[in-house]
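Here are my notes for your first look at this structure. Keep the model open and follow the points in order.

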Amino acid sequence: MDTMRAMRISPDHPLLLRIVDDLAERGWSQQNIFLPDTLTRELALECRTRAVQGELAPAAVGRGPAQEVREGIRGDHIQWLEAGQAEPCDRYLDLMESLRQALNRGLFLGLEDYESHFALYPPGAFYLKHVDRFRDDDKRMVSAVVYLNDGWLPEHGGQLRMYLKGGVEYDVQPTGGCLVVFLSGDMPHEVMPSTRERLSLTGWFRRRGNEPFEL
Ligand code: OGA
Ligand code: MN
């Protein structure tokens, strides 16, 4: 790999340690300046290109055979990321790998992998209040969203609304380069409709599941 372009950072990087501390103290973290600007722009271009090429598909809700597309619940279009397909995506995955290591060192979560997808919300699309962990599958431990939007203004809507302890609502603007991380199991949240197309990369750090032993 071209080492100049690699994005692995030390799991002891102060930014990562701050995220770990935030998660330990209150279950979520917001870092407004996480992705470098150039990477944010390259990822946005990659997402738009894939959308134009028809590679993004309406997102489904639920798992397995119960999965279905329900635009009344979520209206985004997604594509799952795979390593080795596009250089900016690999740099993003490198960064998240560094974060995975930091989370494991600091919180002993035993996170084994990271799954993530591009998400494009057309104008008017939303994702109703939900929790990211599936009822029948508790492998998702930590959710991570980075935003890829240039020049986002509050009047564009599209906030991530988090329902914090004590009935407090907290809104994150989906501004390019911003990262939000939260514990997947106990953070209800919702994506408000926007007047603009809204781009993000959303992912989940997962631990090994409690599958029955194979005999
Ligand atoms: C999700 C989600 C939040 C966002 O994809 O599960 O809640 O701000 N995304 O895009
Ligand atoms: Mn979610």
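1. Thr38 counts as partly exposed, because its relative accessibility is 43%. Buried means under 20% relative accessible area, exposed means over 50%, and partly exposed lies in between (1.4 Å probe, protein chains only). Thr38 sits in helix α2, which covers residues 37-52.

2. A word on what you are viewing. This is a predicted model, where local features need pLDDT of at least 70 and side-chain atom pairs count only at pLDDT 80 or more, while totals for chains, interfaces and linings use all residues. Residues are numbered from 1 along each chain as its sequence is written, chains are lettered from A and ligands numbered from 1 in the order in which they are written, and side-chain values use heavy atoms, with hydrogens and water left out.

3. Now the overall layout. The protein chain has three helices and 11 strands. Both are DSSP runs, numbered from the N terminus: helices are H or I with at least four residues, strands are E with at least two. From the N terminus on, the order is α-β-α-β-β-α-β-β-β-β-β-β-β-β.

4. How does the radius of gyration of the protein chain agree with that of a compact globule? For 215 residues the globule would be near 17 Å, and the chain has 17 Å, so the two agree. The radius is taken over C-alpha atoms, and the globule rule is 2.2 Å times the number of residues to the power 0.38. Along the principal axes, the C-alpha atoms fill a box of roughly 45 × 40 × 40 Å. Of the 215 residues, 48% count as buried.

5. Look at contacts next (heavy atoms within 4.5 Å). Take those between residues at least 6 apart in sequence: 77% join residues at least 24 apart.

6. Helix α3 spans residues 87-107, which makes 21 residues. From first C-alpha to last it reaches 30 Å, close to the 30 Å expected at 1.5 Å a residue. That expected span is 1.5 Å times one less than the number of residues. Phe108 follows α3, and its phi is positive, near 50°.

7. Which residues are the protein donors of the manganese ion (ligand 2)? They are His130 (NE2), Asp132 (OD) and His189 (NE2), lying 2.1 to 2.2 Å from the ion. Donors are N, O and S atoms within 2.8 Å of the metal (3.2 Å for Na, K and Ca); water is not among the atoms, so sites may look incomplete. His130 counts as buried at 14% relative accessibility, and His189 does so at 4%.

8. Check the cysteines. A search of the whole structure finds zero disulfides. Here a disulfide is a pair of cysteine sulfur atoms within 2.5 Å. For Cys47, the nearest cysteine sulfur is that of Cys89, 9.0 Å away. Cys47 is buried, at 0% relative accessibility. Why is the sulfur of Cys178 too far for a bond? Because the closest cysteine sulfur, in Cys47, is 17 Å away.

9. Finish with Ser200, in strand β11 (residues 198-207). Its relative accessible area is 1%, so Ser200 is buried. Not counting residues up to four places away in sequence, Ser200 touches His117, Phe118, Ala119, Val145, Val146, Tyr147 and Leu148.
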